[in-house]
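Look at the model first, then read on.

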Amino acid sequence: SPFDNVESFVKSLQRPRKIMLMVNAGKTIDAVIEDLLPFLSKDDILIDGGNSNYLKTQERADYLRSKNINFIGAGVSGGEAGALKGPSIMPSGTIESYKAVQPFLEAIAAKDQNNLPCCTHIGTGGSGHFVKMVHNGIEYVEMQLLAEVCTILSRLGNNLDEIARILESWKTTVDSYLLEITIEILRKKEGGDWLINKIMDKAGNKGTGNWATIATAELGMPSTMIASALFARYVSFFKEERVAASKHFESQNKSQPKITNTELLKAYQFARIINHHQGFKLMQKASEKMQWNLNLSELARIWTNGCIVKSDLMTELVAVFKKTNNALTEDSVVKELRARKEAIKSVVSECILHDLPISSMSESINFLNSFAVENSSANLIQAQRDYFGAHTYQKRDDPSGKYYHTDWKN
Ligand code: 6PG
């Protein structure tokens, strides 16, 4: 039933009332909460299904608890199609309030390959919106990687229909929602030309990639690919300055990059695995810090359908995260990365030599090169810190972890 009056709407509901808000994140949520509050009763449940900042969700939950109202922050992914066919839902709050809304949320959620709902109780507080924020971070990277793949395929001389055909042939190996929509986008024509050629090359954002980058920095986690995909969008925004810079720095290398489609596919697979590894590590770290007890395998499972990052890789990760929280130690993942390492090295090198912008792809191999080393150059950083600021350092041969300081000038 439609209502144009908040009071009559609220009064029409059975108690405890369960009200789901699907309004713009930010101030609008607070305004709607204030509109509803005078008519709510003890134990009613409000659900925020927007892309809210998880810290605000935590605050709103505390505020509403002081008024005896339960609050569920629910990440909802799937865009317009998800809204019609069933989204992936990431609700958090007390387990009691989740149980009260569970039948409704599960009924509207997408279903996984075993017909289970793509909806699960994520944890307490703002964990649902945190997890949705990381989903969006992973989404930013997946989109950026596809954009980089298209840049490379175009530099190799393929037109947009040919690129679409190549990506179509990849579907048997790396199918995903984002790959599918990219193929459709590439084929779309308007007035005899490809529509994509008419679209201004300045990427927008509504904040979740920014928050994910802030969160990864605050939690001390190297989710470098999310940051690189966010910054690629920011770089794109400086259109006028980019045009000016291009006059000075445009590539002089007109030769054909030596990249085969098979190599590019392998490089793309490599980068995607690192992206997912970093995203899930970020959630694991937040879970430890905030005591959310997140189940990474279950998170991968509810992202196998209904959401923007659904993919065959996500389905594989359900099993991986059943065994470990660190994908880089899992045999099948190690094997896949090793089998694709030569390809990412050669694709990234060729792109650099030919001045192609591939910041996220190159970040994936740079991350592994920095991470998978027994001895890093961080000893020099420690020595420099100690030299100018007496910040002290630990010694490799002292297992006590004692801190030392050296008078470097004497
Ligand atoms: C989803 C999407 C959705 C929205 C993004 C867009 O999961 O359904 O992630 O939440 O499309 O927030 O984000 P940007 O505007 O920042 O690209």
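This predicted model holds 3 cavities of 30 Å³ or more. The largest cavity has a volume of about 50 Å³. Its lining consists of I273, L313, E316, L317, V320, V333 and E336. By class, that makes 5 nonpolar, no polar and 2 charged residues. Helices α14 (312–323) and α15 (331–353) each give at least two residues to this lining. The largest share, 4 residues, comes from α14.

Now the surface. I185, I196 and I199 make a nonpolar patch of about 240 Å². I199 sits in the loop between β6 (193–194) and α9 (208–218).

Next come the charged pairs. The whole structure has 17 salt bridges. The table shows three of them.

| Salt bridge | N to O distance |
|---|---|
| D30 and R60 | 2.8 Å |
| R301 and D112 | 2.9 Å |
| D201 and R242 | 2.7 Å |

Take D30 and R60, which form a salt bridge. D30 lies in helix α2 and R60 in helix α3, so the pair ties together parts that are 30 residues apart in sequence. D30 is partly exposed at 29% relative accessibility. R60 is buried at 4%, because buried means under 20%.

The R301 and D112 side chains also meet in a salt bridge. R301 is in helix α13 and D112 in the loop between α5 and α6, so this pair links parts 189 residues apart in sequence. R301 counts as buried at 11%, and D112 is buried at 8%.

D201 and R242 form another salt bridge. D201 is in the loop between β6 and α9 and R242 in helix α11, so parts 41 residues apart in sequence are tied together. D201 is partly exposed at 35%, and R242 is partly exposed at 27%. Elsewhere, salt bridges with shared partners join D112, E298 and R301 into one network.

Notes:
Residues are numbered from 1 along each chain as its sequence is written. This is a predicted model: local features need pLDDT of at least 70, side-chain atom pairs count only at pLDDT 80 or more; totals for chains, interfaces and linings use all residues. Side-chain values use heavy atoms; hydrogens and water are left out. On a 1 Å grid over the protein atoms alone, a cavity is a set of points where a 1.4 Å probe fits but cannot get out, and a pocket is an open set with protein on both sides within 12 Å along at least five of seven lines; lining residues have an atom within 4 Å of a point. Grid points are joined across faces, edges and corners, and a volume is the space filled by probe spheres set on the points. Ala, Val, Leu, Ile, Met, Phe, Trp, Tyr, Cys and Pro count as nonpolar, Asp, Glu, Lys and Arg as charged, and the others, Gly among them, as polar. Patches are made of residues with over 30% relative accessible area and no salt bridge: like charges are joined within 9 Å, nonpolar side chains (Val, Leu, Ile, Met, Phe, Trp, Tyr) within 5 Å. Accessible areas come from the Shrake-Rupley method with a 1.4 Å probe; for residues, only the protein chains shown count as cover. A salt bridge is a side-chain nitrogen of Lys or Arg within 4 Å of a carboxyl oxygen of Asp or Glu. Buried means under 20% relative accessible area, exposed over 50%, partly exposed in between (1.4 Å probe, protein chains only).
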